[in-house]
Each structure stands twice: as C-alpha cells, then as structure tokens.
Number of protein chains: 2
Amino acid sequence: MKMEGGSTPNALLGLLSLRPMSGYDIRQMVAQSIGHFWSESYGQIYPGLKRLAAAGLVEKKTERNKGKPDRNLYSLTAEGRERLHEWLKIPVSDEVARNELLLKLFFGAHVSTSVNRDHVASNMEFHQRALKVYTATAKQLRKEEANDPNLSYWLMTLNYGRHYSVAMLKWCRETLAELDEIESKGKRRR
Amino acid sequence: MKMEGGSTPNALLGLLSLRPMSGYDIRQMVAQSIGHFWSESYGQIYPGLKRLAAAGLVEKKTERNKGKPDRNLYSLTAEGRERLHEWLKIPVSDEVARNELLLKLFFGAHVSTSVNRDHVASNMEFHQRALKVYTATAKQLRKEEANDPNLSYWLMTLNYGRHYSVAMLKWCRETLAELDEIESKGKRRR
DNA sequence: GAGATCATGTAATATGTTACATGATTTT
DNA sequence: AAAATCATGTAACATATTACATGATCTC
C-alpha cells in the first residue's frame, strides 16, 4: 500500500476534498481553479484515480445517465482525507523551477536584440493577461464563495499570482529598456 | 539526425558556447551560473552530450591527465552553434510552472494555520537567502566579466531573480499577516 | 586513514504529455 | 452537416532524478 511521494496523487485527493468528481470534472476544475499554478493531463488523472481507488483512498461510484455517457464519480474515503492531511504537513521542498525564457536570455548575446525583445515582450503580454484574470477571479470568489472556509486560502494563491505578475511586468519594462540601450550602443560602434 | 525539441540539449549547446567543457564541468557550471533558474543532472548531461556528438553538434576530445582521471572535453561545432542560434529564435511557450507551495496553501483550510505559516515562513527564508546571492553575484560579475558581451544578458537574468524574490517576500509578509488574522478569528469563535 | 572532490557513465525508476481509440449528444 | 462538448481510457513517447558502479587523488 505504499503511496509515492509525488504531488499529483495528492493534488487529486485535494480536489476531491472539495466535492466528488469524475476524471473529466477534475480536468476542468484544475483549469478553472488552480490553473495558474498547476496542471494535470488525462494521462495522469485517470490512471491516478485508479491507483488511489486500489489503495482505498478514494471510492468510485458509477453514475448512469440517459443519453449522456456514464460518469465515474470519485470521492474521498476517511483514509484518503487523512492521507491528504499528512501530505499537507510535509514541508515544501524548494527546488528551482526551470525557466526557458531566462535560459534563452542568458545566451541572448548570440542573437539580435530584436529576438530577445520579442521573448520579453510576449512574456509581458502574458502577465498583463494574467493580472486581469487574477483580479476578475478574486472579485468573483469574494462574491460567490463568501462563506467558504477555503476562501482566504484561495485568495492567497491569487495574491501570489498578482505579486508575481506585477513584479514581472516591472522586470519586462526594465529589460526592454536595457535591450534598447544595447542596440543603440551596437549602432554607435559601427 | 532529428534533434528533439527539448530544451536540455539546447542548454548543453549554450553552455558549451561559453567554453569547451566536460560533463562534470557542465554540472558545476549550471550550479554556479544558471542555477537559480535551471538544473541538470548527470543522468541528463552525459547521455545528452553523447547524443549531441552523434548528431555532429559537438566534438569530443579526450584530455589525458597524469594522476587525475581523463576528461572528455566537448566543444561546439559550427553546426552546433547554428542549431543553438535557431533554437534561441523560437518563441518561448508560456506554460504554467507547477508550484507545490501554492497547491498546499490552496488546500490549507484542512490543516492548522501554523502548518501553513511554516510553509510560508520557509519560503520567505528561501527568498531572503536568494536575494543575497543575486546581489553578490551581480557585483562579482560586474567586476570580473566587465568586458564580456554576455554581461548585460547575465545581469538581466539576475535582475529577474531579484524582482521575483522581492515580490515573494512582500507576498510572504502579507500572507503571514492574513494567517494570523485567520487564527485570531478562529479563537474568537470558540 | 577517513572523507571530500574529481571524473565518467548506466540502470532503475518516476513523472509527464500527446496521440490514439471510441462514441453519443448538443450546438452552430 | 460539421464542430464542439461530454466522457473514459490506453499506449507510446519524452523527460528527468536517483542510485549504483568504479577508482584515483587531495585534504584534514
């Protein structure tokens, strides 16, 4: 009954703690709720649920529907809930997240400034879009989930995103200015 | 001769563009230079170099040493350099980085506030340490690599880290305050 | 003499995405 | 009639870490 340390099965347990869901539901839920810092593909979700069921951490109930296809609804068992709580207590390992933008920028001297500028500019657009989503989602949550005990925690994760995107926009502006300077220096030298 | 889209082989090409290196060197170099946004393990590096050599993108020269073990020095070929440049031009795909801290915090209502506080506090310490490293590294680079054409780009990646960590420290402080509030509310209710 | 560092590499394992396969219903 | 959505699942492939295996020299 050894359950691996991976966070994916624990993410599944966490999501099922909100309400019983099918694999399909989970995929949608991830995109809507934790999509700004997490992702799961069907190839992880379906086999993952199966393994969790085999370990007795979740329970499967097949819901038959006329017309629509059957849904396999999974819900947390007492043991599953306990396992989730245990995992939540384990300290988060701070490992470096790989950042392809920075990797390309680190070797940026090999290509023209315009190439680097494009990378930074599209990152800037990304964070501008993200900021709008964070603001809208926070507003919506405050209204629709006003009494949910999870609300404060959900807002914390949104606030993380907000701080992050604001900082990144500032960095993008600074970096674009620096790239302009590099370019004008290059021209002067010619 | 199909080369995969993965960024690891391209990271290797980039590092070898700085100077010829052995697999061992590369590991050290990653930790020192791009360690705050990238990581590579030996299990990726050695087989990776082998594949790059087979594809003609790098060249291997064995350096025999008295006493010390032999070193396999790899250097970029013209084709490898070209491949690196091509890759640098490809737009960066903005996919969500998984964040385990946020995942745990999202489900934070299941555990006590002190558990959540611990997670945030250790993240705070992480960024305090990181900030010191960024500052020290920037200072050192400005001195030692003053004439390197890469300098500006290296400083950009460090500046990214600085902005990021500053923002995260702010978020940590806000979040710790919010957790304190949640706790005092919980006590009042009893 | 014990442990760290130099140095290379493979094997086992873990983790993850994408493509494929299927098929009904609902929307345009 | 076509396309999107609902729904489940597997197989192939890609990517990455960790443990193992080896052995010398250098430092305490």
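Student: How do the residues of the surface near DNA strand C divide into nonpolar, polar and charged?

Tutor: A residue is near a strand if one of its heavy atoms lies within 4 Å of it. Ala, Val, Leu, Ile, Met, Phe, Trp, Tyr, Cys and Pro count as nonpolar, Asp, Glu, Lys and Arg as charged, and the others, Gly among them, as polar. Here the surface has 4 nonpolar, 10 polar and 5 charged residues. This is a predicted model: local features need pLDDT of at least 70, side-chain atom pairs count only at pLDDT 80 or more, and totals for chains, interfaces and linings use all residues. Residues are numbered from 1 along each chain as its sequence is written, chains are lettered from A and ligands numbered from 1 in the order written, and side-chain values use heavy atoms, without hydrogens and water.

Student: Which residues come nearest to DNA strand C?

Tutor: Of the 19 around it, A:S41, B:Y24, B:K50, B:N72 and B:R98.

Student: What rotation superposes chain B on chain A?

Tutor: Superposition is by least squares on C-alpha atoms of residues with pLDDT of at least 70 in both copies. The rotation is 180°, with 0.0 Å of shift along its axis (RMSD 0.0 Å). The two copies are therefore related as by a two-fold rotation axis.
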